[in-house]
Amino acid sequence: MKIPKPDIKEKIMEEMLKVTDLKRVYGKGGAVTRALDGVSLSLEAGEFVGVMGPSGSGKTTLLNCVSTIDKPDGGSIVIDGRELTGLRGKELAKFRRERLGFIFQDCNLLDTLTAGENIALALSIVKAPANEIPGRVDEMARLLGIEDCLNKYPYQMSGGQQQRAAAARAMVTHPALVLADEPTGALDSKSAKLLLDRLEVLNRDRGATILMVTHDAFTASCCHRVVFLRDGQIFLELRRGELDRRAFFQKIIRVVSELGGEMEDVL
Amino acid sequence: MFSKLAVRNVRRSFRDYGVYLLTLTFGVCLFYTFNSIEGQGAMAYLAQKENSMVEPILMLIDIFSVFVAVVLACLILYANRFLLRRRKRELGTYLLLGLSQGQVSRLLFLETGVIGLASLILGLGLGVLASYGMSALTLSMFSMDVSGLLGLRFSLKAAGKTVLYFGLIFLLVMAFSGLQVSRAKLIDLMQGDRKNEELKQRPLGWAVVQFVLGVLCLVGAYAILLFFGMAVAVAVLPICVPMLALGTLGTLLIFKSLSGFVLKLAQSRPGFYYKNLNLFTLRQWISKVHTTYLSQTVICILLLLAIGITASSIGLNSTLESMTNSQAPFDISVQNQSADWSGPVDFDALLDEEHFDKALLAWKSDVTYYYNDPAVTGIEDASAAIRLSDYDDLMARLGKPAYAGELPRLLEGPDDVPATGGLGLVCVVVPDGMAQGLEVRRQVWSADYAGDKEETEEALIQILRPLQQEVSLHVSSRLSIYQDVMGSKILALFLGLYLGFTFLLAAAAVLALQQLSQAADNTGRYAILRRLGAEEKMTARSATQQVALAFLLPLGLALIHSLVGMKAANDLISAVGRVDSVQSSLVTVLMLVVVYGGYFLATALACRRMAK
C-alpha cells in the first residue's frame with residue numbers, strides 16, 4: 001500500500017462527517033432529558049477531532065448516533081456524502097461495517113480468538129477476499145506495533161496491546177471514519193501514549209478521519225481540534241493550529257480548570 | 001401478591017423456561033404412557049387371553065419406572081440449577097429490596113408449582129395421545145384384529161401415579177431451590193455473571209495426534225466386535241473389557257481433539273476459514289471443548305444406548321415372530337398320545353357328530369405314527385416311523401417337494417416331521433407298505449383354519465374337551481404359541497422403548513441446557529460482532545452452527561457406533577431367525593427425530609434469539 005503524501009490531504013479537504021442540528025430526547029412528557037440539543041459539527045477528511053465534556057453532556061449519545069447504534073430524534077448525519085438517518089436494518093449494518101471503525105474503552109476483543117484472528121474477523125465480516133486477509137492483518141499489526149502478539153489470546157496480552165489490537169481491528173477495513181470512545185480510559189499513561197502515537201501515525205500517514213470522545217486532557221491534546229459539549233450543546237471549540245502538543249495540552253487544561261465546577265469530573 | 005409475581009415471572013422468562021418445560025412435559029408424557037399400558041392395545045389382548053406374561057410385564061414396568069423417575073429427577077434438578085444460575089441477579093435484587101430469604105424461597109416454590117402444574121397438564125394430555133399411538137404400534141406389530149382394543153383412553157391409575165412421582169420430584173426441586181437461595185450470599189448473587197473459563201491454549205498439532213489415536217482406538221474396538229461377534233464380545237470378559245475401554249477412550253479422544261483437528265484443517269484453507277463467521281464459530285467450539293468433551297462422550301454413549309436398545313428391542317420382535325413360525329407350522333395340532341393302547345380317534349366322525357362346519361377348515365390331515373422296529377426298518381436310532389404318503393402330504397402343505405430318495409430314511413434337522421408344538425420323536429420315513437408291520441404309537445391330527453381363527457379354535461376345543469376324559473390329548477395351536485411369544489415380545493418392546501426414550505430425553509435435555517447457558521455467556525460476543533457490522537443473519541447462523549455442532553457430533557458418532565453394533569447384533573440374531581431391520585430402523589429414526597429434533601429446534605431457536 002502506498003502512503004499518501006501530505007499534500008494530497010490538503011487537496012481533498014472534503015467533508016467526511018457533517019452533523020447538523022442533531023437532537024436526541026430521552027423520556028416523555030414532563031420528564032424530558034435533552035441529551036443532544038441541536039449539535040452541529042463538521043469533520044474534514046483526515047481530521048482528528050476530540051469531544052470533551054462532563055458526564056451527561058451528551059458525548060456518548062453523540063458518538064452513538066454517529067455510529068448508528070442510536071437513532072436521533074432530529075437533525076441529520078451525513079458521512080462521506082451519505083445521509084444516515086434514512087438507513088435501516090440491513091443497509092445500516094452494511095454501512096456500519098464498510099464505512100465505520102470502532103475503538104471502545106473496554107477494548108472488546110473476542111476472548112476466544114487470537115489477536116490476529118480478531119483483526120482478520122473484521123475483514124471476514126466485510127467479505128474481503130480470503131487471500132488478502134493475512135497480508136492486511138500483518139501490515140496493520142506492524143503499523144500498531146503488535147506483530148509479536150498476533151498469535152496470542154487477549155488474556156495473554158497487556159491492556160495496551162489489547163487496545164492497539166482493537167485499534168488495528170477498527171482500522172484494517174480502511175473505514176471512512178473511525179469512532180473512538182475513551183480509548184485510553186482503561187490504560188496506564190505509558191500505554192495510553194503508545195496508543196495515541198499510533199493513532200496519530202495512522203491519522204497522518206493513512207489520512208484516517210478520527211472522532212474521539214475522551215475525559216482526559218492529555219489524550220485530547222493529540223487532536224487537531226477539540227470540541228466541548230455541555231448540556232447537549234457545543235459551547236466551545238479549540239483548534240490546535242501550529243501549537244505543539246504540550247502547548248495545546250496547556251490550553252485545554254486552562255479551559256477545563258476555568259470551567260472548574262462544571263467540569264469537575266474531567267480530571 | 002406472591003402468586004401473581006410468580007406467574008408473571010414464569011410468563012416473562014418463558015424463553016428460559018422453554019426447555020425446562022419441554023423436559024418436564026416429555027418426562028411426564030413418557031412416564032404416563034408406559035404406566036398406562038395396562039388395559040390398552042396389545043396388553044388388553046394379552047389380558048383377555050389370560051396370558052401369564054401380563055403380571056411380570058406390569059411389575060417390571062413398575063420397577064423400571066422407579067429408575068426412570070430417578071433419572072428424570074436428576075435431569076430436572078440439573079435444569080433447575082441452570083435456571084437459578086441465570087436468574088442470580090434477579091434473585092439478588094429481590095433480596096436487596098428487602099425480601100427475606102424465606103420469601104424468595106416461597107416465590108421460587110410458587111414458580112415451581114406453576115411450572116409443575118403446567119407441565120403435568122400438558123404432559124398428561126400428550127401422554128393420552130402417545131399411549132394411543134403406542135397401542136396402535138403394538139397392535140400393528142402383532143397383526144391382530146384391533147377392533148375394540150384401540151381407542152383414546154385416560155388411565156386414572158397411571159395419571160395418579162404420574163402425579164405422585166412428579167409431585168415428589170417437584171418437592172425435591174423446591175427444597176433444592178430453597179437451599180440454594182438460603183445458602184447464597186448476596187454479593188455472589190449480584191455479581192453473578194460468571195467469569196469466562198480460562199482458555200488453555202494447546203498446540204494444534206497435538207490435537208491431530210489425539211484425533212488419529214482416537215480413530216485407531218475406535219477401529220480397534222470395532223474390529224474386536226466384528227471379529228469375535230456380538231455373543232463372544234459381550235459375554236467373555238477378557239474380550240469385552242478391552243473393547244469397551246477402547247471404544248470409550250476412542251470416543252473421548254475424538255471429542256477432545258476433533259475441534260482442534262478441524263481448526264487445523266480449516267486454517268490451511270483460508271477460503272473457508274476467513275469466510276463469513278467460520279473463524280468465530282470454530283473458535284467458539286474449540287474454546288468450550290475442554291469443559292464439554294466429557295459430557296459429549298457421556299451423551300454419545302447415552303445416545304448409543306438409546307438407539308441400540310430401541311432398535312434391538314424392535315428387531316428382537318421380528319425374530320421372535322419367525323421363531324413362532326418354525327414352532328407352529330399348522331394352525332392346530334392335536335396329538336393323541338394314548339393311541340398305542342386306546343386306539344386312534346376318528347376326528348372326522350367326531351366333528352360331524354358335533355355338527356362342526358368343515359368349511360371352516362382349509363386343510364386337515366390325520367397321521368399315524370408307528371413304533372420304529374429296527375428289525376423291520378433296519379434303522380436303529382429312530383423312535384417312530386411315518387408313512388411316506390403321510391409325510392409327503394405334510395410337506396406339500398408347507399410347500400415343499402415330495403421325498404424322492406431311498407427308503408427308509410432317518411429324518412434330521414430341517415426335514416423333520418412338522419407338527420405344531422413339536423412331536424418329541426425322532427422319525428424314520430418308511431414305504432406305506434412297510435408300516436403294516438409296525439405297531440401304532442401316536443396319532444396326530446393337524447388342521448389349518450379357513451375362517452375366523454379365534455372362533456374356529458374355540459369351537460374345536462369345545463369339541464375336544466370331553467374327549468380328554470377318555471384319551472391323553474395334547475393340543476397345541478399357533479394362536480396359543482403366538483400369545484406366549486407375544487408376551488415376551490411385548491416385554492422386550494416396552495422396556496426397550498421405555499429405557500430408550502429415557503436415555504434419549506436425558507441426552508437431549510442436557511445438551512440443550514448446556515447450549516443455552518453457553519449462548520447466554522455468548523451474548524456479549526455477539527454484541528461485539530454486531531458492532532463490527534455483522535448482520536443479524538450472520539450471527540444467527542453462527543449460533544445455529546454452534547448448536548448443530550454440539551447436537552450432531554455426538555449423534556453422528558453414536559450412529560456410527562450403533563451401525564457397527566447392529567451389524568454384529570444382526571449377525572447374531574439372523575443365526576436364529578429373520579431380522580426385519582427396516583421396521584426397527586424406521587421406529588428408531590422416528591423417535592430420534594421427534595425427541596432429539598424437538599430439542600435441537602427449541603435450542604437453536606432460543607440461541608438464535610440470543611444472538612440477535
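How many residues does the contact take from chain B and from chain A? In this predicted model, the contact takes 21 residues from chain B and 22 residues from chain A.

**The side of chain B that touches chain A**
- Helix 11 (270-273), helix 12 (278-327) and helix 18 (478-531) of chain B are the elements that give two or more residues to the side that touches chain A.
- The most is given by helix 12 of chain B, which supplies 5 residues to this side.
- By residue class, the side of chain B that touches chain A divides into 9 nonpolar, 7 polar and 5 charged residues.

**Helix 2 of chain A**
- Helix 2 (residues 59-66) of chain A is largely enclosed by the rest of the structure, because 7 of its 8 residues are buried.
- The buried residues of this helix are A:K59, A:T61, A:L62, A:L63, A:N64, A:C65 and A:V66.
- After helix 2 of chain A comes A:T68, which has a positive phi, near 65 degrees.

**The hairpin of strands 9 and 10 in chain A**
- Strand 9 (residues 225-230) and strand 10 (residues 233-239) of chain A pair in the antiparallel sense, over 6 bridges.
- Within this pairing, A:V226 has A:L238 in strand 10 of chain A as its bridge partner.
- The hairpin has 2 residues between the strands, and A:D231 takes a positive phi there, near 45 degrees.

Methods: Residues numbered from 1 in each chain as written. Chains lettered and ligands numbered in written order. Predicted model: local features only at pLDDT ≥ 70, side-chain atom pairs only at ≥ 80, totals over all residues. Pairing = 2+ DSSP bridges. Helix = DSSP H or I, 4+ residues; strand = E, 2+ residues; numbered from the N terminus. Buried ≥ 20, exposed ≤ 12 C-beta atoms within 10 Å, placed from the backbone. Contact = placed C-beta atoms within 7 Å. Nonpolar A, V, L, I, M, F, W, Y, C, P; charged D, E, K, R; others polar.
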